[in-house]
Amino acid sequence: MRIRTLTGAVAAVLVLSGPVAGGQAEAVRPAATAAPPGDTRVLTYDAGRAGEFASAVDRGAAVWNDSVDAVELRPAASGEPADIRVVAVDGWPRTVLGGLGSGTVYFGREAVADGHSTVRIAAHELGHVLGLPDRKPGPCSELMSGASAGPSCASARPNAAERAEVEEKFERAPAGLSMGPM
């Protein structure tokens, strides 16, 4: 998805160099209509408090970036607020949503201690932020089956139905939807 990243960077430069009034750039608020087909929503995540799971979070985000086109997960720049925060905790993994595209992922050490794949945990919890519910019990082939697939399941890839659901949610979401930093 490097082309999408480059396209996003070029778009950001164009937006930042956009309309100027009185020597200062004016913010342009998008209309609350559906995003044009093919537009990619960029969500940022902060894994600064993910501890030993930071690289698993990066890999889980990469799984989603390789799987869908309507949304892209990027690490937040240092000091910038993020749409998604990831925090390592001693309990079980869980996600507290702030709306479609935002929330806090609690990356639980207990599931890792029980043998569950860290990348699968990261991709599963990020799936919640992308609008997917738990689907338990379920087979290993369903990412959102989570821990019910058992600790031997290391598949971190969303299946076709899960990918399609995320694509549909983000393509249908209003362009003015607040998916900004928390």
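In what follows, a residue is called buried when its relative accessible area is under 20%, exposed when that area is over 50%, and partly exposed in between, as computed with a 1.4 Å probe on protein chains only. The structure is a predicted model, in which local features need pLDDT of at least 70 and side-chain atom pairs count only at pLDDT 80 or more, whereas totals for chains, interfaces and linings use all residues. Residues are numbered from 1 along each chain as its sequence is written, and side-chain values use heavy atoms, with hydrogens and water left out.

The secondary structure of the protein comes to 5 helices and 7 strands, where helices (H or I, at least four residues) and strands (E, at least two) are DSSP runs numbered from the N terminus. Read from the N terminus on, the elements follow the order α-β-β-β-α-β-β-β-β-α-α-α. Of the 182 residues in the protein, 38% are buried. With contact taken to mean heavy atoms within 4.5 Å, residues 24 or more positions apart account for 64% of the contacts with a separation of 6 or more.

Helix α4 has 12 residues, which at 1.5 Å a residue should span 16 Å, and this agrees with the 17 Å between its end C-alpha atoms; the expected span of a helix is 1.5 Å times one less than its number of residues. Because 11 of the 12 residues of α4 are buried, this helix is largely enclosed by the rest of the structure. Among the buried residues are H124, E125 and H128, and the cover over the buried residues of α4 includes α2, β4 (71-75), β5 (84-89), β6 (94-99), β7 (102-108) and α3 (109-113). At the start of α4, a side-chain oxygen of S117 reaches to within 3.4 Å of the backbone nitrogen of V119. Just after the helix, G131 takes a positive phi of about 100°.

Helix α2 (residues 54-67), one of the elements covering α4, has 14 residues and reaches 20 Å from its first C-alpha to its last, close to the 20 Å expected. Its buried residues include A56, V57, W64 and N65.

The structure holds 1 disulfide, a disulfide being a pair of cysteine sulfur atoms within 2.5 Å. This disulfide is formed by C140 and C153, whose sulfur atoms are 2.0 Å apart. Both cysteines lie in the loop between α4 (118-129) and α5 (160-172), so the pair ties together parts that are 13 residues apart in sequence. The torsion about the S-S bond is about 80°, so the disulfide is right-handed. C140 is partly exposed, with a relative accessible area of 30%, whereas C153 counts as buried at 4%. The loop between α4 and α5 also holds P137, which is joined to K136 by a cis peptide bond with omega of about -10°.

A search of the whole structure finds 6 salt bridges, each defined as a side-chain nitrogen of Lys or Arg within 4 Å of a carboxyl oxygen of Asp or Glu. In one of them, the side chains of E52 and R109 meet at 2.7 Å, N to O. E52 lies in the loop between β3 and α2 and R109 in helix α3, so this pair ties together parts that are 57 residues apart in sequence. E52 is partly exposed at 49% relative accessibility, as is R109 with a relative accessible area of 29%, and E52, D90 and R109 are linked in a network of salt bridges. Another salt bridge joins the side chains of R135 and E165 at 2.6 Å, N to O; R135 lies in the loop between α4 and α5 and E165 in helix α5, so the pair ties together parts that are 30 residues apart in sequence.

E162 is likewise found in helix α5. A polar atom of the E162 side chain lies 2.7 Å from the backbone nitrogen of N159. Leaving aside neighbours within four places in sequence, the residues in contact with E162 include L132, R135 and M144.

Terms used
A polar contact is a pair of N or O atoms within 3.5 Å; within protein, one must be able to donate a hydrogen and the other to accept it, and residues adjacent in sequence count only if both atoms are side-chain atoms.
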